[in-house]
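Take a look at the chain below.

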Amino acid sequence: SKLSFDYSAAKKFISPTEVEMMKKAVQMAKEQLISGMGPGSDYLGWIDLPINYDKDEFNKIQKAAEKIKADSDVLLVIGIGGSYLGARAAIEFLRHSFYNSVSKEIRKTPEIYFVGNNISSTYMNHLRDVIGDRDFSINVISKSGTTTEPAIAFRIFKKLLIDKYGKEEAAKRIYATTDKSKGALKNLATSEGYESFVVPDDIGGRFSVLTAVGLLPIAVSGADIAKLMEGAASMRKHCLEAPYEENDSLLYAAIRNILLKKGKTIEILVNYEPSLHYVSEWWKQLYGESEGKDQKGIYPASVDFTTDLHSMGQFIQDGQRTLFETIVNIENSSSEIIIEEEEVDLDGLNYLAGKSVDFINKSAMKGTLLAHTDGNVPNLLVNLPMQNEYYLGQLFYFFEFACGISGYLLGVNPFDQPGVESYKRNMFALLGKPGYETQREELLKRLEG
Ligand code: PA5
C-alpha cells in the first residue's frame, strides 16, 4: 500500500474537464523538471536522491548517531529553515509524543532540542537550564555556513561545551553539516577537526531533509533512516512513472492550481494528529518559499484539528471564501484507546462505549470535511496508511515533487528564495556589520521618523 491523494470530496468545485485540461501543462512542467530545462535546474539533486545517495556518507551518519546515543544525554540541533524543519518534523512524527519528557527507559535515545532557529536569549538561557550538567553533543547545520541565527547559537553553545569538556574533547562532540568546501562553518570544522557531513551543492535547504541535514538528528532519535529512504524511493518511482490520471503528486499539483485560479489563494494543511504539527511547518516552508514570488503563489497555512476547530473553525466555516484545505489523514492510528461503559451515564458518553478514540477522531474529521465543503471550502485528502518511516519518506517526496511541478505551473522558479535576503540586509546594517555603512545611515533615519 502507499500514500494516496483523493480529491473526490472537492468534485463540487472542480470538473473532470478542468482536470483533463491541466494535463498538458502538468506534463510539460514534469518534463521541464526531470530534464533539468526549467529555472533553478542547479537544484534538482533531490529528485534522484532516494536512489543514488552517498552510501558512505549514510554509514558515517549512522555511526555518528551511535556515538551520540552512547555518549550524550542531550543533542542540540542548531539550524534554521530547511536546516531544521525536516528533522523536527520527522522526529515528532515518528517518535513519542512527549519525546523529551518521557523516561529514558521508554525513549532509549538522547533528548533532542532545536536551537538557532530564533534569536531569543530567553530561549537559549532556558535551554542551558535543561542541559544542566548532563553530557551533550551539538549537530550544527548550515548549508551556507554563514546564517546569523545558527551561527550565534553555535558560538554560545560551543562555549558551553568547551567549558565543560575542554577544547579537544568538545571538538569530538561537534558534528557540522554544511557545504563540502566553502563557508565559515566549513572553515571552522576543518580548523577545529569537527566531524563533517555534506549538504550536496544541488539540493536547497527546504529540499534537504533526506540528506545528512535531516538524517543525522533523525537517526539519533532512534528512527530508521533506511526505511525513510525506501519510502521516498517508492514515491519517486510513482511520481516519475504513473500516468497523470493516477499520479498522486501530479494531480495534487494540478488541483491546487485549478483552485488558485478560482480565487482560492490560501491552502490550509490540516491534521488530526498532534505529531503532524511540524510536518505542516516543514510543508509551509517548502511551498511558501518555493512559490511565493513575483507577486504570485498560494499562501500556505496550517491548523491542528480538532484543537483549532475551537479557534479557527469559525473562520474556515464561514469567513472570507478564499480557502481550501488539504487534510493529511493517518488511516490507521498507531495506538488505541477504547471508551469504557460507566454504570451511571452522568457525562452522557455511554453512547460511545466500545468505540475507539480514533473512531471518534475520524468521525470528527468526516463531519468537519462535509461541513467545510458545505461552507464552500474545497477539501482535499492525502491519505497515509500508517505513521512510520516508510510512509513519511513517501510523504516528503510526494510534497517535494508536487512543489516542483506546481512552481513551474505557476511560472516561478521554485528553487530560489531571493526575498529572504531583504530582512538580512537590514538586520546587518542595523547591527553595524562591516560593509553595510550606507544602508545603516538610511535605515537609522527611517527609524527616527
Ligand atoms: O530553504 C532554504 O534555502 C532556507 O530556508 C535555508 O534552509 C535557511 O535559510 C538556512 O540556511 P543555511 O542552511 O544556509 O543556514
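Just after helix α8, Gly166 takes a positive phi of about 85°. This is a predicted model, so every value here is computed. Now step back into α8 itself, residues 148–165. How far apart are its end C-alpha atoms? They are 26 Å apart. At 1.5 Å a residue, its 18 residues should span 26 Å, so the two values agree.

Which residues of α8 are buried? They are Glu149, Pro150, Ala151, Ala153, Phe154, Phe157, Lys158 and Leu161. These residues cover an arc of only 160° around the axis, which puts them on the same side of α8. An α-helix has 3.6 residues a turn, so residues three or four places apart point the same way. Turn to the face of α8 directed away from the buried side. That face carries the exposed residues Arg155, Lys159 and Asp163. Several elements cover the buried residues, including the strands β2, β3, β4 and β5 and the helices α7 and α9.

Move on to helix α17, residues 389–410. Its 22 residues should span 32 Å at 1.5 Å a residue, and its end C-alpha atoms are 31 Å apart, which agrees. Is α17 enclosed or exposed? Here 22 of the 22 residues are buried, so α17 is largely enclosed by the rest of the structure. Just after α17 comes Gly411, with a positive phi of about 80°.

Next, look at how two helices meet. Helix α18 spans residues 421–431, and helix α19 spans residues 437–448. They pack at an angle of about 90°, with their axes 8 Å apart. The two helices are therefore roughly perpendicular to each other. From α18, the contact uses Arg425, Asn426, Ala429 and Leu430. From α19, it uses Gln439, Arg440 and Leu443. The residues of this contact divide into 3 nonpolar, 2 polar and 2 charged.

Finally, visit three loops. The loop between β8 and α15 holds Thr306. A cis peptide bond joins Phe305 and Thr306, with omega about 5°. Gln295 lies in the loop between α14 and β8. Its phi is near 60°, a positive value in a residue other than glycine. Gln295 has 6 C-beta neighbours inside 10 Å, so it counts as exposed. Asn376 sits in the loop between α16 and β10. Its phi is near 65°, a positive value in a residue other than glycine. With 14 C-beta neighbours inside 10 Å, Asn376 counts as partly exposed.

Methods:
Residues numbered from 1 in each chain as written. Predicted model: local features only at pLDDT ≥ 70, side-chain atom pairs only at ≥ 80, totals over all residues. Axes fitted to C-alpha atoms, helices over the stretch in contact; angles between N-to-C directions. Helix = DSSP H or I, 4+ residues; strand = E, 2+ residues; numbered from the N terminus. Parallel < 35°, antiparallel > 145°, perpendicular 65-115°, else oblique. Contact = placed C-beta atoms within 7 Å. Nonpolar A, V, L, I, M, F, W, Y, C, P; charged D, E, K, R; others polar. Expected span 1.5 Å × (residues − 1). Buried ≥ 20, exposed ≤ 12 C-beta atoms within 10 Å, placed from the backbone. Arc of directions from axis to C-beta.
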